[in-house]
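Look over the sequence and model first, then read on.

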Amino acid sequence: MAARNVAMREAIRRALREEMHRDENVFVMGEEVAYWQGTHRVTRGFLEEFGERRVRDTPISEMAIGGVAVGAAMAGLRPVAEFMTINFAFLALDAIANHAGKVRYFFDGMFKAPLVYRAASGWGNQATASHSHAPEPIFAHFPGLYVGCPSNSMDAYGMLKTAIRDDNPVLFTESIALYPKPGPMPDEGEELLIPIGKGDIKREGDHVTLVAYARGVDWALQAARQLSKDGIEAEVVDLRWLRPLDMQLVYASFKKTNRCVIVEESLPMYSFGSEIAALLQENMFDYMDAPIKRVAAEDVPLPYSKTIELLALPNAQKVVDAVKEIL
Amino acid sequence: MAAPTKAMLLDWYRQMVLIREFEETCHRLYEEKRITGVYMHLYSGHEASGVGSMAALRPSDHVITAYRDHGIALILGMDPKAVMAEMMGKKTGSSGGKGGSMHLASREHNFWGGYAIVGGHLPLAAGIALEAKYNDKDDVTMTYVGDGATNNGYFHESLNMSAIWDLPVVWIIENNGYGMGTEVERASGQVELHRKAEAYGIKSFGCVDAQNAMKVYEVASQAVDYARQHGPAVIEHVTYRYRGHGVSDKQYDARDDMSEELKKWMQCREPIKILRDHILSAHDDVDEVLAGHESEAKALVKGAVEFAEASELPNSYQELMRNTYVPSDLVYKTESSIGAGID
């Protein structure tokens with residue numbers, strides 16, 4: 001593995017491109033993916049390379065984007081359907097949760113829907129309330145779907161390739177704030193497949209477990225570096241997938257540290273943090289030395305003004321403070 | 001387009017009396033609480049709409065519909081035993097008891113299913129048609145959609161998408177006058193429903209008297225040919241439902257004007273009678289065949305009920321969980337994994 005500084009957006013582009021070369025049935029569809037070159041430039045150059053048949057601009061029709069992908073996948077194609085931002089995927093929630101996630105079940109295995117929904121997620125940059133969501137846990141609520149949320153280039157690359165190859169529908173979110181973030185990648189010609197549902201230890205430590213995904217991993221790692229200066233060594237568990245959840249990794253870490261802070265960009269109620277905390281108290285009660293803490297966004301729609309927007313956002317300092325409360 | 005042959009007409013009669021016998025039996029079994037699901041939408045009254053239009057298809061074409069799907073399943077040749085067993089939620093049901101009345105399907109017959117969310121199957125239809133176009137096949141996707149769904153976003157987004165991508169879909173709007181309990185006139189600003197499709201540049205084959213299987217077949221044949229060669233087509237089928245929106249619908253008992261209306265349709269525009277009269281006026285020596293089809297329908301449905309009632313109910317955790325996901329080597333699971341499904 002060569003250490004190269006590749007932005008996450010480039011890593012995702014490489015994964016998509018390689019999978020399109022590998023399998024003729026893989027195609028991309030979505031708003032502005034072709035002629036505009038992708039709103040987030042993930043599909044830059046795709047129209048030229050693969051043509052209109054496999055790089056399909058859609059109208060602003062999220063319900064149809066969500067459902068056409070299901071039908072095409074049932075019929076044998078492998079669609080990668082892009083929601084320009086995850087906020088717009090709310091319009092397609094029925095197609096995603098009720099159709100993509102259930103066609104296999106309600107016909108008792110007669111069909112499968114091997115598709116990937118890609119959606120740019122997260123908030124910041126004064127995008128205002130309706131464009132500022134990190135609602136991954138909503139989608140992870142539904143059985144029948146898998147949900148992947150990478151925190152860096154290497155993971156995004158390996159996770160997306162697996163998501164495209166797997167026969168189950170996957171919602172794959174890409175944190176907008178992480179698109180430009182550089183990170184190491186496999187060399188050209190070397191492949192990486194990260195299994196669906198496999199988490200990863202991003203930093204080892206004995207004093208507290210920080211459980212996170214996507215952008216939360218960065219806050220956790222920053223907090224861990226800061227805590228280390230005070231002699232507190234945090235272990236950072238990046239779950240990478242919200243469904244399935246690799247709880248074995250969390251439990252193993254918790255048995256060592258006996259303390260946990262959960263870090264997420266999402267809203268606090270009925271959240272990733274709620275789920276992990278509930279599972280820990282159910283299954284690790286004997287190992288628990290302190291209350292489980294949760295660091296999430298504030299429970300509020302996002303305002304426009306930068307100053308108060310930042311008050312709502314989780315950050316490394318909030319993680320540090322939470323850790324210090326339970327040590 | 002050739003007129004339907006004698007053999008075709010007789011086969012349509014076989015299909016229509018089978019559907020009617022099946023549906024009326026379902027209704028009786030529901031009243032007797034031998035079928036216990038809360039949702040069941042019967043095709044009685046609609047028979048000619050499905051029979052006449054699907055006669056224009058070839059076996060490699062695709063069919064998809066909403067929740068009024070029993071008739072569609074039987075026309076395509078699904079075994080009445082498996083369909084009846086599904087009504088009763090049995091292991092031997094066509095969807096293993098997981099889907100019930102609204103989720104019949106059969107891969108073998110290119111029947112992509114009945115779907116329960118109004119309009120939810122419409123983008124799926126476009127996606128199935130996209131596969132045909134993507135892989136240069138000239139199969140069409142025949143898609144049945146109720147009048148109520150034409151007011152929903154799925155309809156407009158899916159039809160527009162089919163138009164800009166020239167997808168080989170025949171959109172058949174089965175207009176039975178009501179979206180659940182609301183008359184078309186109270187629900188739709190444009191009451192000529194096929195014109196909504198026309199607004200997106202879709203070729204309209206107009207409004208058809210869908211109680212007359214011969215007329216349905218004639219127009220469907222043109223629309224299917226068009227879709228195969230050019231892209232999406234729409235037909236509006238004017239029809240009527242004999243058993244309300246669903247079996248739990250008590251509206252027909254409560255509203256005199258509706259039962260008057262129902263009587264009028266049954267007396268003047270009964271699809272099986274229209275077909276039968278046509279056959280008798282056009283062909284000799286058919287009485288025996290018609291009677292044979294009628295007794296065969298009774299026997300088939302009786303056999304289906306016996307089979308379904310004798311079948312086992314699913315009753316294990318394994319059966320509950322199975323087929324939530326496709327078993328996959330690409331998925332990492334441990335005993336502590338949550339939300340991975342079981343294989």
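Is Lys161(A) buried or exposed? Lys161(A) is buried, with a relative accessible area of 0%. The model is predicted. Its chains hold 55 salt bridges in total and 0 disulfides.

**Salt bridges in chain A**

- Lys161(A) pairs with Glu191(A) in a salt bridge, and their closest N and O atoms are 3.3 Å apart.
- This pair links distant parts of the chain, 30 residues apart. Lys161(A) sits in helix H8 (residues 153-165), while Glu191(A) sits in the loop between strand E8 (182-183) and strand E9 (200-203).
- Glu191(A) counts as partly exposed because its relative accessibility is 45%.
- Lys306(A) and Glu309(A) also form a salt bridge, with 3.5 Å between the closest N and O atoms.
- Both residues belong to helix H12 (residues 306-312) of chain A; they are 3 residues apart, so about one helical turn separates them.
- Lys306(A) is partly exposed at 34% relative accessible area, whereas Glu309(A) is buried at 1%.

- Arg228(B) bridges to Asp61(B), the closest N and O atoms lying 2.8 Å apart.
- Arg228(B) is in helix H9 (residues 213-229) and Asp61(B) in the loop between helix H2 (47-54) and strand E1 (62-65) of chain B, so the pair ties together parts 167 residues apart in sequence.
- Asp61(B) counts as buried, at 2% relative accessibility.
- In chain A, salt bridges with shared partners join Arg14(A), Glu18(A), Glu19(A), Arg22(A), Lys161(A), Arg165(A), Glu188(A) and Glu191(A) into one network.

**Negative patch in chain B**

- Asp284(B), Asp285(B), Asp287(B) and Glu288(B) gather in a patch of negative charge on the surface.
- Glu288(B) lies in helix H13 (residues 287-310) of chain B. Glu288(B) counts as exposed because its relative accessibility is 72%.

- Cys260(A) counts as buried, at 0% relative accessibility.
- Cys268(B) is in no disulfide either; the nearest cysteine sulfur belongs to Cys207(B), 19 Å away.
- Cys268(B) counts as exposed, at 55% relative accessibility.

**A buried loop residue**

- Ala214(A) is in the loop between strand E10 (208-212) and helix H9 (215-229) of chain A.
- Ala214(A) counts as buried, at 4% relative accessibility.
- Ala214(A) and Asn152(A) are 62 residues apart in sequence, yet 7.6 Å apart in space, C-alpha to C-alpha.

How values were computed
Residues numbered from 1 in each chain as written. Chains lettered and ligands numbered in written order. Predicted model: local features only at pLDDT ≥ 70, side-chain atom pairs only at ≥ 80, totals over all residues. Heavy atoms only, no water. Patch = residues over 30% accessible without salt bridge, like charges linked within 9 Å, V, L, I, M, F, W, Y side chains within 5 Å. Areas by Shrake-Rupley, 256 points an atom, 1.4 Å probe, with all protein chains shown as cover. Salt bridge = Lys/Arg side-chain N within 4 Å of Asp/Glu carboxyl O. Lys, Arg positive; Asp, Glu negative; His and termini not counted. Charge placed at Lys NZ, Arg CZ, Asp CG, Glu CD. Helix = DSSP H or I, 4+ residues; strand = E, 2+ residues; numbered from the N terminus. Buried < 20%, exposed > 50% of the residue type's maximum accessible area, 1.4 Å probe, protein only. Disulfide = S-S within 2.5 Å.
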